[in-house]
Amino acid sequence: MMCAQMQILAHSLTHSHLLNLVTAITKTSNNHASILNAVGEHQNFNIVTLDNIPKEEKYANVIFCAPPSGFEDYPGAIKNAADNLWAGPDQGRFVFTSSGGIYGPGNGEVISESSPLPEATMASPRSLRLVNAEKNALEKKGSVLRLAGLYTLERGAHNYWLEKGDGNVKGSKDGLINLLHYDDAAGACMAALKTDNDIEGKVFLISDGHPTSRFGICESALKAKKYNGIAMPSFGEDDGAGKGKIYDGKFSNEYLKWEPKYESFDKFMEASQ
C-alpha cells in the first residue's frame, strides 16, 4: 500500500478509539518500520503482510487504500480482499478509496457523485481499472470514496513542481485541480465506518471543496516556510487535457457527516510556518 496513506490512516484509526483493534495489511514488510513509527506504541495496533494472514481470518471492517500501480490485476485485488478478508456486510463495512480521476480530465464542468463516467472507448487505461475496481467493490456490497488529489506539506504535485521537477509544469497554469489533505482522506474513511447512514453500494466524492489551478497550487505552496525562496515554475500551454473539473461533494459531506479539517490547500500552506 502507499506508505504515506497507510501511515496516516493507521494512525488516525488507532488513535480515534473507533475500533478495538486496527490491523494494517501490506504486500511486503518494506515499510513496516516507518508505519510503526508513525502510529507509535499502541496496544490495539498491529501490522502484517498479506501472506501471513491465516485463511480463516476475517475482519469486520476493511478499508482498501492501495493504489493500482502495485497490482497486475487491480479489480481482482479488490474482489479478493472483499471475498477473503472481509467478514461481510452483516458484520461491518468495506470501503474502497478510489480517485476522482475516474471522471476523466474534464473541461471546467461541475462533477458530483452521480455524474456519468466516460465511455469505455474514451477512458484511459487507468480510469478503466478504477471503473472495474469500483464495480467489484460495489457488487460485494462495499462502498467507494472517490478522493481528490492528496497532499501533505511534503507530498503532492506542489512538492514535485517546486523541489523535484525541472522548473517546468506540464499543462496550462489555469487547469483546475481538486485537493484533499491526507488527514482528511483518513477522516472521511473513518466517517464512512461510523456513520449511522447506510453506505452499502454507494459512491462518495471527497475533496476540500476548494478547487484551485496549477498556478494557484504553486502560489499557495510558496507561502509555506518550507518553500520560501523557491522560484515560481514555468507553465506549459493548454496540453489538450481540458480545463479540469470542479468537485461538488456536498451530498457526500452531509451523508457521511464529515467535513475537512483543512479548509483549503491555500489556508493549510499559509499556516505552515
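Predicted model: local features only at pLDDT ≥ 70, side-chain atom pairs only at ≥ 80, totals over all residues.

**Reading the model feature by feature**

Reply: Lys257 is found in the loop between helix H8 (250-256) and helix H9 (265-271). Residues are numbered from 1 along each chain as its sequence is written, and side-chain values use heavy atoms, with hydrogens and water left out.

Me: Is Lys257 buried or exposed?

Reply: The classes rest on relative accessible area: buried is under 20%, exposed is over 50%, and partly exposed lies in between, with a 1.4 Å probe and protein chains only. Lys257 counts as exposed because its relative accessibility is 59%. The phi angle of Lys257 is near 55 degrees, a positive value in a residue other than glycine.

Me: What is the phi of Lys141, and where is Lys141 found?

Reply: Phi of Lys141 is near 70 degrees, and this too is a positive value in a residue that is not glycine. Lys141 is found in the loop between helix H4 (125-139) and strand S6 (143-147). At 46% relative accessibility, Lys141 is classed as partly exposed.

Me: How many helices and strands does the protein chain have?

Reply: The secondary structure comes to 9 helices and 14 strands. The radius of gyration, taken over C-alpha atoms, can be set against a globule rule of 2.2 Å times the number of residues to the power 0.38. Here the radius is 19 Å, close to the 19 Å that the rule gives for 273 residues, so the chain is as compact as a globular protein of that length. Along the principal axes, the C-alpha atoms fill a box of roughly 55 × 45 × 35 Å. Of the 273 residues, 47% count as buried.

Me: Which residues have the most contacts inside the largest nonpolar core?

Reply: In soluble globular proteins, nonpolar side chains tend to be buried together. A nonpolar core is a set of buried Ala, Val, Leu, Ile, Met, Phe, Trp, Tyr and Cys residues joined through side-chain atoms within 4.5 Å. The largest core in this model has 46 residues, and those with the most contacts inside it are Phe64, Ile78, Phe94, Phe96, Leu145, Ile206 and Leu256. Several elements each supply at least two residues of this core, including H3, H4, helix H6 (182-194) and H8. The largest share, 7 residues, comes from H6. A second, separate core has 14 residues, among them Leu153, Leu162, Ala224 and Met269.

Me: Which residues are in contact with Phe94?

Reply: A contact means heavy atoms within 4.5 Å. With neighbours within four places in sequence left aside, Phe94 is in contact with residues including Val62, Phe64, Ile78, Trp86 and Ala137.

Me: How many residues of H7 are buried?

Reply: H7 is mostly covered, with 6 of its 8 residues buried. They are Arg214, Gly216, Ile217, Cys218, Ser220 and Ala221. Arg214 is found in this helix, residues 214-221, and has a relative accessible area of 14%. A polar atom of the Arg214 side chain lies 3.5 Å from the backbone oxygen of Lys170. Ala221 counts as buried because its relative accessibility is 0%. Not counting residues up to four places away in sequence, Ala221 touches His158, Leu162, Tyr227, Phe265 and Met269. The C-alpha atoms of Ala221 and Asp266, 45 residues apart along the chain, are separated by 7.2 Å.

Me: How many disulfides does a search of the whole structure find?

Reply: A disulfide is a covalent bond between the sulfur atoms of two cysteines. The criterion is a pair of cysteine sulfur atoms within 2.5 Å. The search finds 0 disulfides. The sulfur of Cys65 is 7.0 Å from the closest cysteine sulfur, in Cys189, which is too far for a bond. Cys65 is buried at 3% relative accessibility, and Cys189 is buried at 3%.

Me: Where is the place of Asp90?

Reply: Asp90 lies in the loop between helix H3 (74-84) and strand S4 (94-99). Asp90 is exposed, with a relative accessible area of 76%. The C-alpha atoms of Asp90 and Ala60, 30 residues apart along the chain, are separated by 8.6 Å.

Conventions: Helix = DSSP H or I, 4+ residues; strand = E, 2+ residues; numbered from the N terminus. Polar contact = N/O pair within 3.5 Å; in protein donor to acceptor, adjacent residues only side chain to side chain.
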